[in-house]
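Hi,

Here is the structure I promised to send over.

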Amino acid sequence: MKTTRRKFIQSTSLGFLGFFLPINSFGSPLVEKKLSNKDLAKRLKIAADSRNNGDLRRSKRIFSDIIEDYPNDIRAYDGLRKSLLQQKFNELEVLKIYEIGYDKNPNNKDFKERLAKEYMRLVLGNKKFTNKYNNSENLLKKSRTFFKQLKDEYPERKEY
C-alpha cells in the first residue's frame with residue numbers, strides 16, 4: 001500500500017491532535033478524583049462555591065470527604081452545617097455532626113464551643129426538635145457546663 005502525501009499529513013495531524021487533547025478530562029468521576037489531591041483550603045473553597053451555587057448535594061459530599069480526611073478541622077464541620085441548614089428540618093443532623101466531631105476531638109475548644117452553641121440554638125429555637133432529641137438532660141444545662149469549662153480553661157477569652 002502506497003502512502004501518499006495527503007494520507008501522511010492526515011494521519012500525523014490526527015496523531016498530534018490526539019496527543020495534545022487529554023482523553024480523561026471529560027468524565028465527572030475523574031474530576032472528583034482530582035479534588036481529593038488538592039490541599040484543604042482549595043477543597044473547602046470548592047465545596048463552599050458549590051454550596052453558594054445551589055448544588056447542596058455536591059457540597060455536602062465534599063464537606064463529608066474533608067471531614068473523613070481531616071477530622072480535626074472545624075471549618076469542614078461549619079461548612080457542612082451551612083449546607084444542611086439551607087435545607088429545612090436538618091437541625092438534629094447538625095447537632096449530631098457536632099456531637100460526632102466533639103467525640104473525635106474532646107480536647108478541642110472549638111468543637112466544645114460549637115456543640116454548646118448548637119445545644120442553645122436547638123433549645124431556644126424550636127421546641128419540637130428538643131422533644132425529638134432523646135436526651136434526659138436539659139440541653140441548656142449541658143451548654144452552660146460546656147461554656148463554664150471553656151471559661152475556666154481559657155479565662156482570657158471574654159466570649160466564653
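Let me start with Glu153, which sits in helix α9 (residues 139-153). This is a predicted model, by the way. Glu153 has a relative accessibility of 45%, so it counts as partly exposed. In sequence Glu153 is 44 residues away from Lys109, yet in space their C-alpha atoms are 9.1 Å apart.

Next, the core. The largest nonpolar core takes in 31 residues, and Phe63, Ile66, Tyr77 and Leu115 are the ones with the most contacts inside it. Helix α9 turns up again here: α3, α4, α5 (74-86), α6 (91-104), α7 (109-125) and α9 each contribute at least two residues to this core.

Then there's the pairing of α3 and α4. Helix α3 (residues 40-52) packs against helix α4 (residues 56-69) at about 155°, and the axes are 7 Å apart. The angle is over 145°, so α3 runs roughly antiparallel to α4. Their crossing is left-handed. On the α3 side the contact is made by Leu40, Arg43, Leu44, Ile46, Ala47, Ala48, Ser50 and Arg51, and on the α4 side by Leu56, Arg58, Ser59, Ile62, Phe63, Asp65, Ile66 and Asp69. By type, the residues of this contact are nine nonpolar, five charged and two polar.

Which residues does Ile66 touch, leaving aside those up to four places away in sequence? They are Leu40, Arg43, Leu44 and Ala76. Ile66 is also one of the residues with the most contacts inside the largest nonpolar core.

Cheers

Definitions and conventions: Residues are numbered from 1 along each chain as its sequence is written. This is a predicted model: local features need pLDDT of at least 70, side-chain atom pairs count only at pLDDT 80 or more; totals for chains, interfaces and linings use all residues. Side-chain values use heavy atoms; hydrogens and water are left out. Axes are lines fitted to C-alpha atoms, for helices over the stretch in contact, and angles run from 0 to 180 degrees between N-to-C directions. Helices (H or I, at least four residues) and strands (E, at least two) are DSSP runs, numbered from the N terminus. Angles under 35 degrees count as roughly parallel, over 145 as roughly antiparallel, 65 to 115 as roughly perpendicular and the rest as oblique. A crossing is left-handed if the near helix is turned anticlockwise from the far one by less than a right angle, and right-handed if clockwise. Contact means heavy atoms within 4.5 Å. Ala, Val, Leu, Ile, Met, Phe, Trp, Tyr, Cys and Pro count as nonpolar, Asp, Glu, Lys and Arg as charged, and the others, Gly among them, as polar. Buried means under 20% relative accessible area, exposed over 50%, partly exposed in between (1.4 Å probe, protein chains only). A nonpolar core is a set of buried Ala, Val, Leu, Ile, Met, Phe, Trp, Tyr and Cys residues joined through side-chain atoms within 4.5 Å.
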